[in-house]
Amino acid sequence: MLFEGQVKTWNAERGFGFIEPAGGGQEIFLHVSAVPTHFRPPKIGQRFTFEVILNRDGKKRASNIGVNVVPKTGRVAKPEEPAPWTFASALAIPVFIAIYIAVAALY
C-alpha cells in the first residue's frame, strides 16, 4: 500500500530520519539507502510517497520512496470556455427542428 508523508526529522551524520504520514499516526523510519540518489539527502518538510515494510526486528520502515509532486501555488486554473458558435453549429439547430417537424407531420 502506498502512503504519503513528509520528512519530519533527519540526521545527516547517521543517514536516517523519520517520515510523518499525511494521515497522522506513527512516524516511519527512513534510511538514506531508501531515498533515490537524486533526492539525497532529503530535506525536512520534503514530501514523499512510500511503502511500509517491516525490518528484521519487526519495526516499520519506509521503502520504495517516490516523490510526491506538489502543485505549484500561485497558478490559478483557467476556467474552460464554451466552444464558439460557428455558422455550421448555428445552422444545425434550425435544420434539426425542421427535420423533426417534417417527420412528425408524416406520422
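A salt bridge is a side-chain nitrogen of Lys or Arg within 4 Å of a carboxyl oxygen of Asp or Glu. By this rule the protein has 1 salt bridge, shown in Figure 1. The structure is a predicted model, in which local features need pLDDT of at least 70 and side-chain atom pairs count only at pLDDT 80 or more, while totals for chains, interfaces and linings use all residues. Residues are numbered from 1 along each chain as its sequence is written, and side-chain values use heavy atoms, with hydrogens and water left out.

**Figure 1. The salt bridge between lysine 8 and glutamate 27.** The closest N and O atoms of lysine 8 and glutamate 27 are 3.1 Å apart. Lysine 8 lies in strand β1 and glutamate 27 in the loop between β2 (16-21) and β3, so the pair ties together parts that are 19 residues apart in sequence. Strands (E, at least two residues) and helices (H or I, at least four) are DSSP runs, numbered from the N terminus. Lysine 8 is partly exposed, at 39% relative accessibility, and glutamate 27 is partly exposed at 31%. Here buried means under 20% relative accessible area, exposed means over 50%, and partly exposed is in between (1.4 Å probe, protein chains only). Side chains of opposite charge can pair when their charged atoms come close.

**Figure 2. The whole chain.** The protein has 1 helix and 5 strands, in the order β-β-β-β-β-α from the N terminus on. Its C-alpha atoms fill a box of roughly 85 × 35 × 25 Å along the principal axes. The radius of gyration is 28 Å, whereas a compact globule of 107 residues would have one near 13 Å. This radius is taken over C-alpha atoms, and the globule rule is 2.2 Å times the number of residues to the power 0.38. Of the 107 residues, 21% count as buried.

**Figure 3. The largest nonpolar core.** A nonpolar core is a set of buried Ala, Val, Leu, Ile, Met, Phe, Trp, Tyr and Cys residues joined through side-chain atoms within 4.5 Å. The largest one has 11 residues, including Trp10, Ile28, Phe48 and Ile65. At least two residues of this core come from each of β1 (2-11), β3 (28-31), β4 (47-54) and β5 (60-67). Val35 also belongs to the core. Leaving aside neighbours within four places in sequence, valine 35 is in contact (heavy atoms within 4.5 Å) with Leu30, Arg40, Pro42, Phe48 and Ile65.

**Figure 4. Backbone details at proline 41 and asparagine 64.** The peptide bond from arginine 40 to proline 41 is cis, with omega near -15°. Proline 41 is found in the loop between β3 and β4. Asparagine 64 has a positive phi, near 50°, and is a residue other than glycine. Asparagine 64 is placed in strand β5.

Figure 5. Isoleucine 53 is found in strand β4 and counts as partly exposed, at 35% relative accessibility. The C-alpha atoms of isoleucine 53 and methionine 1 are separated by 9.8 Å, although the two are 52 residues apart along the chain. Glycine 66 is found in strand β5 and counts as buried, at 18% relative accessibility. Glycine 66 and glutamate 51 are 9.3 Å apart, C-alpha to C-alpha, and 15 residues apart in sequence.

**Figure 6. A nonpolar patch on the surface.** The patch is formed by Phe87, Leu91, Val95, Ile99, Val103, Leu106 and Tyr107. Together these residues have about 850 Å² of accessible area, a value from the Shrake-Rupley method with a 1.4 Å probe, where for residues only the protein chains shown count as cover. Patches are made of residues with over 30% relative accessible area and no salt bridge; like charges are joined within 9 Å, and nonpolar side chains (Val, Leu, Ile, Met, Phe, Trp, Tyr) within 5 Å. Leucine 106 is found in helix α1 (residues 87-106) and counts as exposed, at 72% relative accessibility.
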